[in-house]
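Grab a pencil and work through these exercises with the model open beside you. Each task comes with a solution that goes step by step.

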Amino acid sequence: MGRLASIEFYSRNYDEALELLSQAEDYLRFHHRTLDQDGLPPDQRLHVLLEVFRITSRLTLSMNWLMNQKAAFSGETTSQSEEIAVISFSDRVVCLKRNREVEEAASPKLKRLLVNSHNLFSRIVRLEEGRVH
């Protein structure tokens with residue numbers, strides 16, 4: 001992959017992550033309690049909250065990694081002079097996990113965020129693994 005193709009590829013992922021962040025903010029600000037928590041027993045509410053935190057973690061880690069890569073491609077940082085963002089094993093374990101029960105019972109908005117944030121994070125992990133080897 002040439003330098004320009006690489007920059008464009010990372011930019012598309014970056015733009016997708018920004019869009020997901022915007023959708024997550026909208027969901028949390030306006031829909032979270034009414035769509036996915038009202039009327040649930042405490043243990044089920046906890047499972048929903050854990051998945052919302054998982055979305056937040058996926059998106060935060062993805063943006064951090066993508067911003068770091070974007071800076072490196074644009075020459076703002078170099079791997080020799082700056083610490084490169086690496087997604088830890090424990091972050092991978094937490095963020096790659098899926099709770100199918102919550103996904104199936106979730107509102108369409110939450111379900112989209114769960115699936116799309118998982119897909120983005122999985123892609124970032126694969127990209128990172130390719131970069132590290």
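A quick definition before we start: helices are DSSP runs of H or I with at least four residues, strands are runs of E with at least two, and both are numbered from the N terminus. Keep in mind that this is a predicted model.

**Exercise 1. Work out how many helices and strands the chain has, and in what order its elements run.**

Step 1: The pattern is α-α-α-α-α.

Step 2: The mean pLDDT of the chain is 85, with 86% of the residues at 70 or more. Among the elements, helix H3 (residues 89-96) has the highest mean, 94, while helix H1 (residues 3-36) has the lowest, 84.

**Exercise 2. Compare the span of helix H2 with its expected span.**

Step 1: Find the helix. H2 covers residues 42-73, which gives 32 residues.

Step 2: Get the expected span. The rule is 1.5 Å times one less than the number of residues, and for H2 it comes to 46 Å.

Step 3: Compare. From first C-alpha to last, H2 reaches 46 Å, close to what is expected.

Step 4: Look just past the end of H2. Gly 75 sits there with a positive phi of about 85°.

**Exercise 3. Describe the largest pocket and what lines it.**

Step 1: Start with the volume, which is about 280 Å³.

Step 2: Look at the lining. It has 14 residues, and those nearest the centre are Gln 44, Val 48, Glu 101, Val 102 and Ala 105.

Step 3: Sort the lining by class. You'll find six nonpolar, five polar and three charged residues.

Step 4: Ask which helices contribute. H1, H2 and helix H4 (100-105) each supply at least two residues of the lining.

**Exercise 4. Follow the salt bridge between Arg 92 and Glu 129.**

Step 1: Check the contact. The two side chains meet at 2.9 Å, N to O.

Step 2: Arg 92 is in helix H3 and Glu 129 in helix H5 (residues 108-132), so to speak a link between distant parts of the chain, 37 residues apart.

Step 3: Are they buried or exposed? The cut-off for buried is under 20% relative accessible area. Arg 92 is at 16%, so it is buried, whereas Glu 129, at 34%, is partly exposed.

**Exercise 5. Find the salt bridges that Glu 103 makes with Arg 98 and Arg 100.**

Step 1: Take Arg 98. Its side chain meets that of Glu 103 at 2.9 Å, N to O.

Step 2: Take Arg 100. Its closest N to O distance to Glu 103 is 4.0 Å. Both of these residues lie in helix H4, three residues apart, about one turn of the helix. In an α-helix there are 3.6 residues a turn, so residues three or four places apart point the same way.

Step 3: Check accessibility. Glu 103 is buried at 7%, while Arg 98 is partly exposed at 24% and Arg 100 is partly exposed at 48%.

How values were computed: Residues are numbered from 1 along each chain as its sequence is written. This is a predicted model: local features need pLDDT of at least 70, side-chain atom pairs count only at pLDDT 80 or more; totals for chains, interfaces and linings use all residues. Side-chain values use heavy atoms; hydrogens and water are left out. pLDDT is the predictor's confidence in each residue, from 0 to 100. On a 1 Å grid over the protein atoms alone, a cavity is a set of points where a 1.4 Å probe fits but cannot get out, and a pocket is an open set with protein on both sides within 12 Å along at least five of seven lines; lining residues have an atom within 4 Å of a point. Grid points are joined across faces, edges and corners, and a volume is the space filled by probe spheres set on the points. Ala, Val, Leu, Ile, Met, Phe, Trp, Tyr, Cys and Pro count as nonpolar, Asp, Glu, Lys and Arg as charged, and the others, Gly among them, as polar. Buried means under 20% relative accessible area, exposed over 50%, partly exposed in between (1.4 Å probe, protein chains only).
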